[in-house]
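Dear colleague,

Please find below the structure that I am handing over to you. My notes on what was found in it follow directly after it.

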Amino acid sequence: MAAFLQSIGYNSLILPALLIIPTVGALLVWLHGATLKGADEAAQEAGAMMARRLTFAILLLEFILSAGLWWSFDASSAAYQATIDWPWISAWGARFALGIDGLSLMMVLLTTFLMPLAVLGGWTSVRHKVHAYHVLMLLLTMGMLGVFVARDLFLFYVMWEVMLIPMYFIVGIWGGERRIYASIKFFIYTMVGSLLMLIAIVYLGWQAGLLEGKPNFAYEAVMALPEFRPMVAFWLFAAFFVAFAVKVPMFPFHTWLPDAHVEAPTAGSVILAGILLKLGTYGFLRLAVPLFPGIALHPTVRAVIIALSVIGVIYGSLVALVQPDFKKLVAYSSVAHLGMVMLGIFAMTRESVQGALMVMIGHGVSTGALFFLIGMMYERKHSRIIADYGGIAKVVPIYATLLTIVALSSIGLPGTNGFIGEFLVMVGAFKTVPVMTTVSALGVILAAAYLLWALQRILYNTLDKPANAHLTDLNWREIGLLAPLLFLIIWMGVYPKPVLSRMEASVGKFVQEVEAKAAAQSVTLNAPGGN
Amino acid sequence: MLLLQEAAAAGAHPLSGSIAEWIWLVPVFPLIGFLINGLLSLRTAAHIGPKDPTAHHAHHDHAHDDAHGHADGHGHDHPAVHPYAGIASLVGPAVLFASFALTAAIFLALSGAHAETPFIKTLFSWMPAGNLAINAAFQVDQLSMVMTMVITGVGSLIHVFSVGYMKEDPGYPRYFAYLNLFVFFMLVLVLGANYPMLFVGWEGVGLCSYLLIGFWFSEKANADAGKKAFIVNRIGDFGFLVAMFLLFSNLGALDFAGVNATASQLSPLVVTAICLFMFLGCAGKSAQIPLYVWLPDAMAGPTPVSALIHAATMVTAGVYLVARSSVLFSMSPVASLTVAFVGAITALFAATIGLKQWDIKKVLAYSTVSQLGYMFIGVGVGAYAAGVFHLVTHAFFKALLFLGSGSVIYAMHQAYHHTGNHDDAQDMRNMGGLRQFMPVTFALMWIATLAIAGIPPFAGFFSKDEILGAVFARTHGSTLADATWLGIPGSALLYAIYAIGLVSALLTAIYMTRMMLYTFHGPNRTGDKERSHLREAPWVMTGPLAVLGVLSLAGGWLNLPTFFPAGPVQALHHWLEPVTGAAALRITNGAEAHLEHSTEYILVGLAIAIAVIGITIAVTRLKPAALVSKSQSPASEGIERVLEHKYFVDEAYDAAVVQPLVGVSRTVLWKGMDVGLIDGLMVNGSSYLARGIGWVGARLQSGQVGTYAWVLIIGVLGVLGAFTLR
Amino acid sequence: MMVAEALALSAVLFTIGVVGVLTRRNAIIIFMCVELMLNAVNLSFVAFSRMYGATGQVFVVFVMTVAAAEAAVGLAIIISIFRHRQTVDLKNINLLKG
């Protein structure tokens, strides 16, 4: 497979192709929508179906193309692969430089994997402005992939903002009742963080390009910068930190998430939980930590961040316990899971960072599936309130089975993907931060408590609401949509080695470089006068 | 070909290349059964689509709880036999038989091979990350094979029993799917070659326990019980996880071989911490104080499940874990004493509760908790073989007791079913005098009762005596006796444990005899109409009972005491020596811990006397004839009330842990912190601030161009003036 | 050389324009006053060009072009406002009100 891909020059074209295909697709769908202006209802309806199919086909193509990365990726190398470096805005020193390594490979695949499913998930629930919705989905795909594959800070920032806008509209137009509040909250929260990041990025670009007289945003150039004075480094790190911490979201920057999740349409929730949140943690892995290892691993800063992560784990779980709304419950559980990721990253051992990546993937799959399942029931009953259900396992046994499996993977039951990630994070983190890891392991208990309690109140107990006796079970489209997710849940729990081995080299390099740099810099941090 | 290569790589282990290479098939058979039954249940369930979902109450057990007082009787008229019940009753037990046969073959191969080291069959690399290298690997050694024999053997019998017991349940294939899945995970638990593999099984059996306890999930009490079991177990799992983290961060290994080889590097403090955290896990899984509360509630599941999971196999996993980690526990006298002491206290505590329970299954549940306490006394004092011995015999007689009670409940339920009675089919006050209606069950249950009470020559006598003897033997000249535990000298504590063990044995004899008397003796209290419908269970149920009866009778031969003149003396002890022998020797400072025969005779005499006294007390003091049926019984008072309500521990936990946790989460964290402080004050607060500033600014915008022009002119004149005057 | 006189005239015209803009309410008159101000500026440009070269005259051409465009756009706006409101009184036109 690898040889075949090599022979067709796969690596030299795949990454730009992944960005161009959805862009062109968005254009196509938009044009198709434009031709329907003024058409009668039947034609509109047919056109809407065409838009769904077209988008699904484009995203499926995207997934099939990206799947080649699985084989073409050289797991033994920690360097960027499938790189391209095209001039872009040369006056500003911004280049169109792309590449993937072990940190981003799985994120790219997760994105291309989830997006077609997300379109399927909104197949019947999105009924108005269908074309606009799908154009936004395609643009969103492009933006998210762009963030993951960028090797240029400026490109990174542009893509970061590109993906914000479609999400804003998806929540704001196709969302629930309080969608405007939720979307604006989401937008402003994210924007505040990302503007601070922009300042830091511009500063870094100028510093890197000092000799050339124009900025240089290439990752390599920025990473190679000599270390900053501690105060400067601290504020730059803080700027990145806020941007990413909002996205993660870390306690106490998390309150946009429950609102956005609750109001977003199903596909929006899936993407939000499945991919968007990971951009925050990915940002820490890719930029914030490697750029400022001295600050990130400074005992105080690190202790604060780890404390916030662990608070997130416990706090998210506890608040999830008492949510009456199932979507909100899952949203708070995301806060807990992502806290686990942050713990893994900042514990800074190879096991814990690999575990953090596994949790990122696992959470994307499991929570994505959970939101799909919630959406399917919402389409039937138009309620997300747990108390409106009860005992429906008798009526919808397939739904009940799938929901149980997915919930169990979210709980982190061994044999599912959830366990691998959490176990690796904790077993690795225990070496550096034993007490905090022990506290976060309490989240294991709470996760079982909130999800099983919710399951019981939805699926089990007495079926006491007559309206629920006539719910219909999942249809083939829905089962087919969930099947790949379930496959991943089990496969990554039973045989995660192929996934782990592909991130091994990059994670090793990441941990080693950050530790080495931090060790060198901690000397200066403590030196009198601070350089 | 592949097998041969792997065999070569594994080195010259006597078992490589033998049938033990196929060990992975042992758990795979039940997994296949799970898949088949699971598909059957899903397929049909999807097509049945009940119009009236509340009509499915055609099951036999009810949680004897006020919650089930509602009128659900109409469902009893036509038990809905599942369309694929035939396939399920074929597949379910068949996969167990296959596993059992293969296990027996491997067991024989192992006993012929005299392997001093475990045979490890590595399937694939499971979690390679950083320095962590965890394989999906199975371990064949003496301990794991004993456990596997018990699980597949007793499991097969219980599966057969289930065919009779559950046949008429509409969820029949689902039941067998769960049961097969349980056996799969249980086998992974005992066969796994490293702690994470063990943990997979550990959590997996917890899951199946959850699913099976809540099998009749339409009643809230059942679903509650399942959830409670899972969550309480998770508290224990937390301890297990932390123990694994400690092991990995200190030793860098998590496989049994690696841990045992390097364990001597651990400092005493660390090894004690590891053992105590691990024991927290055991306390959760094996229902020891303070985490025992889930097991009595778990009786909400079908009775064969109680027999398999909550008596014979899963709940003994904690004992297995301690025996498996005997190297670690033997290094920490403090942790070992803790295990033994908690076991002793649990044994006594549960036995007292067992004295006043009316539900036949609850009596057995507390009896299980109590007997598990005994096993922990055994493995706690370093008598690992004795603990495992009691585990095996307990599996025999307690499975028999549970299945026997299942047979009783089945009969009661059938009788109630015929007459449309809605009384509690599990309350002993509604039974009485059943011996004339169910003679087979009656006789077999008496065998099991005598076994658990400790009457020779039944199995329980030997294993219980072995444990108590071991405790006594270690009061002098062992590392435990020399240690201090919370300021108490070890030998004093061991004497106390021995005494508590004796008292518990007395109570065990009393409450078991009480159960038998109330159930089978005295006058019948089922009611006149129902009496004519009381029948012995069909052969598919009594057959397994009979096999278990034989095992309960003869199980003692597995490990006869040393003073025994003939027979396989200490067979199990010697069999387990390669696994636990070294650790046991460490506890006893290298000497074989054997008492003088004269002392031993005295101890044995004492144990028998205690058992006989207990039975005598029960027979003479209890008056089955004076009992009235449940509905007419007055509420108990004083100490009886405390016992009947299990010392109000559930209520205390609820008030001290559950309610505060939920309350604080809701009012302080969610409403206060999240909605109030962060969202209200910070997020929306900042938006109100911005809006306020904007409102002030907006007042300046009149919208009148003329006003703007005036302002402009004034501004220009001001600037010009400023320039001119400068 | 008439520069001073031309500048004085320009100042007078400009002031008339300013006062007109500030005091009148009719959009058309205000618009004419704005034109008056532009032309006053043009006059001063021409006057100054006598002293400083032809650049001023180039500016005048510029200003006239812009003024023409502005007149077109401005009148169009006024007409469309009139169509909506049946009035061009500025008192009633406060769309920019915050």
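Of the 98 residues in chain C, 14% are buried; please bear in mind that this is a predicted model. Chain C contains three helices and zero strands, so that its order from the N terminus reads α-α-α. The globule rule gives 13 Å for 98 residues, whereas the radius of gyration of chain C is 16 Å, well over that value; chain C is therefore more spread out than a compact globule. Its C-alpha trace spans about 50 × 25 × 25 Å along the principal axes. As for contacts in chain C between residues at least 6 apart in sequence, 48% of them join residues at least 24 apart.

In chain B, helix α4 covers residues 142-166. At 1.5 Å a residue, its 25 residues should span 36 Å, and the end C-alpha atoms lie 35 Å apart, which agrees. Helix α4(B) is also mostly covered, with 24 of its 25 residues buried.

Chains A and B touch each other: 54 residues of chain A are in contact with 49 residues of chain B. On the chain B side, the elements that give two or more residues are α2 (25-48), β1 (119-129), α6 (195-213), α7 (220-251) and α26 (649-699). The largest share of this side, 15 residues, comes from α7(B). By class, the side of chain B that touches chain A has 30 nonpolar, 10 polar and nine charged residues.

Yours sincerely

Notes: Residues are numbered from 1 along each chain as its sequence is written. Chains are lettered from A and ligands numbered from 1 in the order in which they are written. This is a predicted model: local features need pLDDT of at least 70, side-chain atom pairs count only at pLDDT 80 or more; totals for chains, interfaces and linings use all residues. Helices (H or I, at least four residues) and strands (E, at least two) are DSSP runs, numbered from the N terminus. The radius of gyration is taken over C-alpha atoms; the globule rule is 2.2 Å times the number of residues to the power 0.38. A residue is buried if 20 or more other C-beta atoms lie within 10 Å of its own, exposed if 12 or fewer, and partly exposed in between; C-beta atoms are placed from the backbone. Two residues are in contact if their C-beta atoms, placed from the backbone, lie within 7 Å. The expected span of a helix is 1.5 Å times one less than its number of residues. Ala, Val, Leu, Ile, Met, Phe, Trp, Tyr, Cys and Pro count as nonpolar, Asp, Glu, Lys and Arg as charged, and the others, Gly among them, as polar.
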